[in-house]
Amino acid sequence: MITEQRSKYLSDSVQSIQPSGIRRFFDLASSMENVISLGVGEPDFVTPWNVIEASYHSLEQGYTAYTANAGLLELRKEISRYMRRRFGVTYSAENEMVVTVGASQAIDIALRAVVNPGEEVIVVEPSFVSYAPTVTLAGGVPVQVQTYSENDFKLQPEHIEEAVTEKTKAILLCSPNNPTGTVLSKTDLQKIAEVVEKHDLLVISDEIYAELTYDEPYTSFPSVGKMKERTILISGFSKAFAMTGWRLGFACGPKDVLQAMLKIHQYTMMCAPTMAQHAALDALVNGQKDVIRMKESYRQRRSLVTHALEEMGLSCHTPGGAFYVFPSIKNTGLSSEEFAEQLLMKEQVAVVPGSVFGESGEGHIRCSYATSIAKLEEAMKRIKRFIENRETA
Ligand code: PMP
């Protein structure tokens, strides 16, 4: 009853979105004992010590006030150098960049800056759970385009063509992808760029996992052809630098778009947390060795998990990046929800059902391998036992 009474006060857009499907499992898992979680999408590392110290040090020096709305200029300059050095893309610290509260806020203000009511934004599924709801909250209409395991979950340009209408404004890309771990190569991106150009689309390219690629050099979307002028690049410190709790990200892109995003940021957020910005500055200046150390550890764990899953008959393309594997569970005859729920109840392993990431995620589960080798080995044993017990039941 209360819900009904209340709903008249709520906006249509907020009522049309659902709470994240990931959370339900984790609330359930957290109420149980002896659970190994392969569920959460965050590094198991603690933020490197020098980064933590840089933040302490900034507080000791009395840097406790707001920064410039766009973020500390020193940090923006360092982001600019970092992006050029690591990914070959050049952005002005003065007017083509804004430091945000996580990549999440960068995605939100990007969408709010560009989407008019009713305009369509293509979301490539399986996708990070926030994209479609954030499009809706910005007044837009998410249009889902599917990718499939047969193509290693790579976006096929002809599928973009099929989804484009006269209302299409933008496409959200994510490489390396959450949840599939798929990395789009330079050639893949070039083909996507052709369609983007043909239909005059804007691209929001979420490159938060760009540092975590294992097999080929990374290509940043704005470095392809003339894409820089129509791309909003989203990134942040959460994943590569193990800084999820610091809530720090950034967006780079064409000056007019970034200045529009800055207006929203100015009125709704003021600035990203000051002590986190000082920490991030240190992460960029001194942190590359830590990124490499963590990445090597993920690479080792990727190999352990993909081999173990393949051996127990859960086929799984080798994910080129991020820290997720997305095996097929189709041969168990269970839906991804049933698989995840029964695995949790019977063997106390938490994974995320692929269906929460979109239609083509069904038949898969997402396992994060950002957890200790010992826990991963135990989790693999339990999943194997779960499958064997089902087969013999
Ligand atoms: N994009 C993707 C693809 C992600 O997986 C995540 C975090 N799970 C985010 C953005 C949000 O990152 P942040 O912590 O910087 O808000």
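P176 has its place in the loop between β5 and α9 (186–198), where helices (H or I, at least four residues) and strands (E, at least two) are DSSP runs numbered from the N terminus. The peptide bond that leads from S175 to P176 is cis, with omega near -10°. The structure is a predicted model, in which local features need pLDDT of at least 70 and side-chain atom pairs count only at pLDDT 80 or more, while totals for chains, interfaces and linings use all residues. Residues are numbered from 1 along each chain as its sequence is written.

Most residues other than glycine have a negative phi, and most peptide bonds are trans. In the loop between β7 and β8, A242 has a phi near 55°, a positive value in a residue other than glycine. R247, whose place is also in the loop between β7 and β8, has a positive phi of about 60° although it is not a glycine.

A242 counts as buried because it has 23 C-beta neighbours inside 10 Å, whereas R247 is partly exposed, with 18 other C-beta atoms within 10 Å. Here a residue is buried if 20 or more other C-beta atoms lie within 10 Å of its own, exposed if 12 or fewer, and partly exposed in between, with C-beta atoms placed from the backbone.

## The sheet of seven strands

Seven strands form an open sheet with mixed pairing, in the order β2-β8-β7-β6-β5-β3-β4; two strands are taken to pair if DSSP finds at least two bridges between them. The edge strands are β2 (97–100) and β4 (141–146), each of which pairs on one side only. From one strand to the next the twist averages 20°, where axes are lines fitted to C-alpha atoms, for helices over the stretch in contact, and angles run from 0 to 180 degrees between N-to-C directions.

Strands of a sheet pair through backbone hydrogen bonds, either parallel or antiparallel. Strand β5 (residues 168–174) and strand β6 (residues 202–206) run parallel and are joined by five bridges, with A170 standing opposite L202 in β6. The pairing of β3 with β4 is also in the parallel sense, over six bridges, and E125 stands opposite Q146 in β4.

Strand β3 is mostly covered, six of its six residues being buried. E120, I122 and V124 point one way from β3, while V121, V123 and E125 point the other way, and all are buried.

## A helix across the sheet and around the ligand

Helix α6 lies across β2, β3 (120–125), β5, β6, β7 (231–236) and β8, and runs at about 160° to β7. The helix α6 (residues 102–114) also gives the most to the shell around the ligand, with three residues.

There are 13 residues around the ligand, of which G102, A103, S104, N178 and S238 come nearest; a residue is near a molecule or strand if its C-beta atom, placed from the backbone, lies within 6 Å of it. By class, the shell around the ligand has four nonpolar residues, eight polar and one charged. In this scheme Ala, Val, Leu, Ile, Met, Phe, Trp, Tyr, Cys and Pro count as nonpolar, Asp, Glu, Lys and Arg as charged, and the others, Gly among them, as polar.

## The sheet of three strands

Another open sheet, of three strands, has the order β9-β12-β11 with antiparallel pairing, and its edge strands are β9 and β11 (352–353), each pairing on one side only. Between β9 and strand β12 (residues 365–368) the antiparallel pairing extends over two bridges, and Y324 stands opposite S368 in β12.

The domain assignment of the protein chain gives domain 1 (2–46 + 289–392) and domain 2 (49–286), with bounds that come from an automatic or database domain assignment. The centres of the two domains, taken over C-alpha atoms, are separated by 24 Å. Their contact takes 35 residues from domain 1 and 34 residues from domain 2, two residues being in contact if their C-beta atoms, placed from the backbone, lie within 7 Å.

On the side of domain 1 that touches domain 2, α2 (12–16), α3 (21–30), α12 (288–311) and β9 (324–325) each supply at least two residues, and α12 gives the most, with six residues. By class, this side of domain 1 has 16 nonpolar, 13 polar and six charged residues.
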